[in-house]
Amino acid sequence: MGRQTSIARSILRAVFYNSQADKKRLLSRIVIFLALFQLTLARFREDLFESLRIDVWGIDEDEYKESFRKSGKRSRLNPIGDLGYSGSTFFTTPNSKFLIKSVPRRFEYSFFRDDMLQPYYEHMRSHPSSLLVRITDFLYTPYHTLGGWLGLAPTHHIIMENILFGKERDSRSKEWETYDLKPSSYFFPERDIMNGALSSDATKERLIDEFNDKVRITSEEYSELKGILEVDTELLEKANTVDYSLFLIRIPASSTAQPIGSARVSAWRTGVTSTDGMWKYRAVILDFFWAKHKLQAQAMTGLVQSFNMIARKGPMSITTTPKEYRERFLNMVDEIVELQD
């Protein structure tokens, strides 16, 4: 059995079964500890996420679980390629409605679990139009495991909405464009030290996306977008978070793709049509797990500050203050928008 298959089975077992019962049996606990890839996972704060799914987002529980099956047959997940620097594994459900991402770095999953989860829950309940990505489950390993200690398999995963839903069945799927947008004015060592000579072109291309066009919308649509982002980023600033991104999707206006939608979502989740009639836009905020008060973040900040005593390159997106990052993030949104009433 391959590593990805074992990880996928661990995730599915957590979604469909209560693995907490296994810990009562000594033999089961020994087997759990010796697991290398197929770790025993459980759903963290299952009641809280169920409340979000049903009461806030209007997700039917039976349909949610059926998303993890293939046409009513054996459950399985679809592995997808590497999407970033974090070393995460990624899967989609068979119907592509949900994305499963591992969270391998301790300082990130401990921040979400211990510091961010309750404020996130309260924010999503009081702001149903929020553009923070919708996290529908948080899976964790409730026991010590050999595979987890050795780093052979991830011990934490988030299940979240797939904002790209509809692309696979769209006849114009090759024309879909995605942009993972962050303020580009920060110091990026791979790009800015010796003009990038020490890094490969492939590495530099993955640093940050550039949107070399404009999001053409009306003043009313801009006011809605900016208002939502201001409220969402206020939460992230209070949580001491930086380095989050605006995930922007641009879809041909003639696309037949049907988004995941209900009366409880902002139009920016389902698709806002550009004023020139050429595109539809979707947008969410991703990757809000980098907290400034965590040890690794503090160590990186100290390192960059020491480097800047000589090189004077300025802060990185992960070492700046939450207030300053929020300001640049919102300014970035202003820069990519063109109002056309």
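Two strands count as paired if DSSP finds at least two bridges between them; strands (E, at least two residues) and helices (H or I, at least four) are DSSP runs, numbered from the N terminus. The model here is predicted, so local features need pLDDT of at least 70, side-chain atom pairs count only at pLDDT 80 or more, and totals for chains, interfaces and linings use all residues. Residues are numbered from 1 along each chain as its sequence is written, and side-chain values use heavy atoms, leaving out hydrogens and water.

**Exercise 1.** Work out which strands β5 joins by bridges.

*Solution.* Start with β1 (residues 42-43): 2 bridges join it to β5, antiparallel. Here R43 stands opposite L139 of β5. Next, take β6 (residues 156-161): 5 bridges join it to β5, again antiparallel. In this pair F138 stands opposite I158 of β6. Finally, look at cover: 6 of the 6 residues of β5 (135-140) are buried, meaning under 20% relative accessible area with a 1.4 Å probe, protein chains only.

**Exercise 2.** Locate the bend in helix α5.

*Solution.* Go to M116: α5 bends there by about 65 degrees, the angle between axes fitted to the seven residues ending there and the seven starting there. Then read on: a proline, P119, follows within four residues. M116 is also one of the buried residues of α5.

Conventions: Buried means under 20% relative accessible area, exposed over 50%, partly exposed in between (1.4 Å probe, protein chains only).
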